[in-house]
Amino acid sequence: MFKGRSSDLTKSRTRDAWLFLMPTLVVLFLVAGWPLLRTLWFSFTDTSLSDLKGGQFVGVDNFFYLFEDSTWRQSFKNTVIFAAISVSLETIFGLIIALVLNAHFKGRGWLRTAVLIPWAIPTIISAKMWGWILHDVYGVLNEILIFCHIIKEPLAWTASPKLAMVSVVLVDVWKTTPFMALLLLAGLQLLPQECFEAARVDGIHPLRVFWRVTLPLLKPAITVAVIFRSLDALRIFDLIYVLTSGSVETVSMSVYARQQLFDFQSVGIGSAAATLLFFIISLATLGFLMTGGLKQDK
Amino acid sequence: MRSKFYTPFLYLLSALIIIVCVFPFYWAIVSSLKTGSDLFKVEFWPAHLTFSNFIEIFKEQPFGHNILNSVFVAVGTVSISLMLAITASYALGRVRFRGRSALLLSILSISMFPQVAILSGMFELIRTLGLYNNLLGLIFSYMTFTLPFTTWILTTFMKQLPKEIEEAAIIDGASTLTICTKIFLPLLWPALVTTGLLAFIAAWNEFLYALTLTVESQSRTIPVAIALMTGASEFELPWGKIMAASVVVTLPLIVLVLIFQRRIVSGLTAGAVKG
């Protein structure tokens, strides 16, 4: 092709590309960009829910309120602890399930099918199902644990301050480990088979192969999966709202923000809490990007 | 190499994983078939089967209505976001232009940001548009997560299509729109099914916006209806009915997932691993 024609073509294709993108970009600005800007504005005002237009500019007062509020500090602590523990457990269990799914044995299809079930169940419903299993008086988990002589008295899983966070982590791990396992399985299947064959020919112990070959090769896939899950875990709302009704011991930053917005009607403080969460997650994302986890597409 | 010890261990581990994954759902089914004091006895198969929980959720509350609401919202959300995402993903996946990477990255970051971060702005916008307590308002707000997600996944699928077809079409003088809709779209059907299914599940399961932007029990979607189900008193939750409702809405979802499991797995991993 001649050079001139080729660049004409490039120009017209670039123009079409922008035309093609326009509807999506306009909708995204309307549903995400604009509300985000409004929330940012609200966080500097004393707007109340009953009078959305009547808010006065108050500077950074709302943010100072949050830093001094012990419940907000608790929600920050809870969210970080929850994200760290649940993502670690999900990575370990997800890796185990992925390795089992990657092994060749009869009946593997059944395992994959079963693993997809927790993933398919809506979070709200899994929270309710587990709420029933963990019920302090009639829950089946207490019955099983007493039957096995692991505990003597029934435990108040979701209500007691010490166990509430344990329950939240338990249900989240049950619900999201399958997703982790599938991501890691996809990573495992992309690994070059020659390395494993070479190791097998040399008669190296499977555990050694795992630590020395599989794990280092799988590191990029693990990093991506951990980033995705961490960003997701930091914004947790549904599970805590339903399982423990957002009690102080388990309140997350998202739950706190919604409580301020709609239960206490203070749109200013709620928006400030939401904005803060947004910045914390953006910082986390930037941190991940800096450490080279998410490689940008060429 | 595969030792005698290895295979039984694998089966034992698989059995354990299957039990842990399936038991909570099994327990929900068993509990939904019991009423009265039977519900509070731990039996792994109910002695007296009854379907009264299932009948009551449809009689005593607008549960049928809630299901229709969820179907309407999820189907609407998926159709609109797929329609918008097809052309957008063609542009992002097949055309090289300045700012493409930055655009892709910002679309991905929109799908990662916390829903609550735009909640008050969204509430105000929905109020201003007069869509409060309206299913159209839910479809509108669900675009925040389904549109970036479908665009992102379809872009990875678009990139995988062979270059030769497109070059031949360009030489034949086909316009960009023709290439996108007449040549690529038919090739993308499998990808559209996968992406649509994942977006459908996301919309079907959404809770925060549905809880915030609707107020009457008539206009609630299923997750909100189940979360807010109460019994005779505030402290006595109707567990049998909650389990029945959970089974009713989860069973079709599980069947769907089982039928399409290969597609779903490929869709989930296309979005994440190749990113």
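Reply: Two residues are in contact if their C-beta atoms, placed from the backbone, lie within 7 Å. The model is predicted: local features need pLDDT of at least 70 and side-chain atom pairs count only at pLDDT 80 or more, while totals for chains, interfaces and linings use all residues. Residues are numbered from 1 along each chain as its sequence is written, and chains are lettered from A and ligands numbered from 1 in the order in which they are written.

Helices here are DSSP runs of H or I with at least four residues, strands are runs of E with at least two, and both are numbered from the N terminus. Apart from neighbours within four places in sequence, Ser230(A) is in contact with Ala83(A), Val87(A) and Ala284(A). Ala83(A) is 147 residues away along the chain, yet its C-alpha atom is 6.1 Å from that of Ser230(A). Ser230(A) counts as partly exposed because it has 17 C-beta neighbours inside 10 Å. On this scale a residue is buried with 20 or more other C-beta atoms within 10 Å of its own, exposed with 12 or fewer, and partly exposed in between, with C-beta atoms placed from the backbone.

Leu261(A) makes a contrasting case. Its place is in helix H11 of chain A, and it is buried because 25 C-beta neighbours fall inside 10 Å. Setting aside residues up to four places away in sequence, Leu261(A) touches Leu49(A), Val267(A) and Gly270(A) in chain A, and Leu119(B) and Ser120(B) in chain B. Val31(A), 230 residues away along the chain, has its C-alpha atom 19 Å from that of Leu261(A).

Phi of Gln265(A) is positive, near 60 degrees, in a residue other than glycine. Gln265(A) has 14 other C-beta atoms within 10 Å and is therefore partly exposed. His149(A) also has a positive phi near 60 degrees and is likewise not a glycine. His149(A) sits in the loop between helix H6 (140-147) and H7 of chain A, and with 7 C-beta neighbours inside 10 Å it counts as exposed. Most residues other than glycine have a negative phi.

The nonpolar core comes next. A nonpolar core is a set of buried Ala, Val, Leu, Ile, Met, Phe, Trp, Tyr and Cys residues joined through C-beta atoms within 7 Å. The largest one has 152 residues, and those with the most contacts inside it are Ala181(A), Leu184(A), Ala273(A) and Leu277(A). Helix H7 (residues 164-190) of chain A gives the largest share of this core, 14 residues. Domain 1 (6-40) and domain 2 (61-272) of chain B both contribute residues, so the core lies between them; domain bounds come from an automatic or database domain assignment. Ala273(A) touches Leu66(A), Trp72(A), Met253(A), Tyr256(A), Ala257(A) and Gln260(A), not counting residues up to four places away in sequence.

Within chain B, the C-alpha centres of domain 1 and domain 2 lie 30 Å apart. Their contact takes eight residues from domain 1 and seven residues from domain 2.

Between the chains, 77 residues of chain A are in contact with 76 residues of chain B. Helix H1 (residues 3-42) supplies the largest share of the chain A side, 19 residues. That side has 54 nonpolar, 12 polar and 11 charged residues, where Ala, Val, Leu, Ile, Met, Phe, Trp, Tyr, Cys and Pro count as nonpolar, Asp, Glu, Lys and Arg as charged, and the others, Gly among them, as polar.

Chain A as a whole has 12 helices and zero strands, and 43% of its 298 residues count as buried. Its C-alpha trace spans about 85 × 75 × 30 Å along the principal axes. Among contacts in chain A between residues at least 6 apart in sequence, 70% join residues at least 24 apart.

Confidence is given as pLDDT, the predictor's confidence in each residue, from 0 to 100. Chain A has a mean pLDDT of 87, with 96% of its residues at 70 or more. In chain A the lowest mean, 82, is in helix H8 (residues 193-201), and the highest, 93, is in helix H3 (residues 70-102). Chain B averages 86, and 94% of its residues score at least 70. The model scores ipTM 0.87 and pTM 0.88.
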